[in-house]
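Trainee: I am new to this one. Could you walk me through it, one question at a time?

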Amino acid sequence: HTYQVIAYNAAGSGAKSEEKTVFLSAVLSVPTTFDLTKKDVFEIFQVIDANDDEKTWKWSESYGTYYSYSSSLAADDYLVSAPVKFEAGKNYRVVVTANCADAGYPEAFRVLVGKEATVAGLNTLIADTTWVATEEAESNEAEFTATEDGTYYVAIQAVSPANMWRLNISSLAIENGAEPTAPAAVTEFAAVAGEKGALEVNVSFNAPAKAINGTDLTDDLTI
């Protein structure tokens, strides 16, 4: 929403103040998916043109949500989600579905999270530079653990080199990750076909001794 203040008296209306834009959105719960091919979804996101080059995130009928290149500057532009409620100690998965305009012009992005929708407030990096070199939309996943209860924002930061082409974002999904106290993955997993054409597979692995959060497992496992 954009606001201005105008004073009135008997002589008439006064000068207009400068415009102030305020983003208002309900705090969402997890899981939630933002379909960024839709204009009304794009409009609940905040856009930060951090390098002030006027080349930043936009929406169009043809491409949906996209970042278009600068011929001289690397991208430094944030697409910031509506607020989402996270709980301390819980794992969350962020899935960004993206593609580039041409495989010969690869694009790049990072994913950050924070408690304020500002460059300084988006202070936790959960996915470092991820290259997008396919014209077909692909999903890119990252997980993180919330350290405090509260309202958070998830941001996709375009970091493509200068003079690329177009980075398209189809969707941003925020899902519940694995429980921190659940067992970690098995190790040394192997599957070997039976000898002499036997219709069997011999499977071996080491069962986990620790939980995802690194603590020792004490209960019996079922695999």
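Predicted model: local features only at pLDDT ≥ 70, side-chain atom pairs only at ≥ 80, totals over all residues.

Trainee: Is Ala 98 buried or exposed?

Mentor: Residues are numbered from 1 along each chain as its sequence is written, and side-chain values use heavy atoms, leaving out hydrogens and water. Buried means under 20% relative accessible area and exposed over 50%, with partly exposed in between (1.4 Å probe, protein chains only). Because its relative accessibility is 1%, Ala 98 counts as buried.

Trainee: Which strand holds Ala 98?

Mentor: Strands are DSSP runs of E with at least two residues, numbered from the N terminus. Residues 91-100 form the strand where Ala 98 has its place, and that is S11.

Trainee: What separates the C-alpha atoms of Ala 98 and Leu 167?

Mentor: Leu 167 is among the residues Ala 98 touches, where contact means heavy atoms within 4.5 Å. The two are 69 residues apart along the chain, yet their C-alpha atoms are separated by 7.2 Å.

Trainee: Which side chain of opposite charge is nearest to Asp 49?

Mentor: Asp 49 lies in strand S6, residues 46-49. Lys and Arg count as positive, Asp and Glu as negative, while His and the chain ends are not counted. A salt bridge needs a side-chain nitrogen of Lys or Arg within 4 Å of a carboxyl oxygen of Asp or Glu. Asp 49 is buried and has no salt bridge; at 9.0 Å, the nearest side chain of opposite charge is Lys 58.

Definitions and conventions. Helix = DSSP H or I, 4+ residues; strand = E, 2+ residues; numbered from the N terminus. Lists of a residue's contacts leave out its neighbours within four places in sequence.
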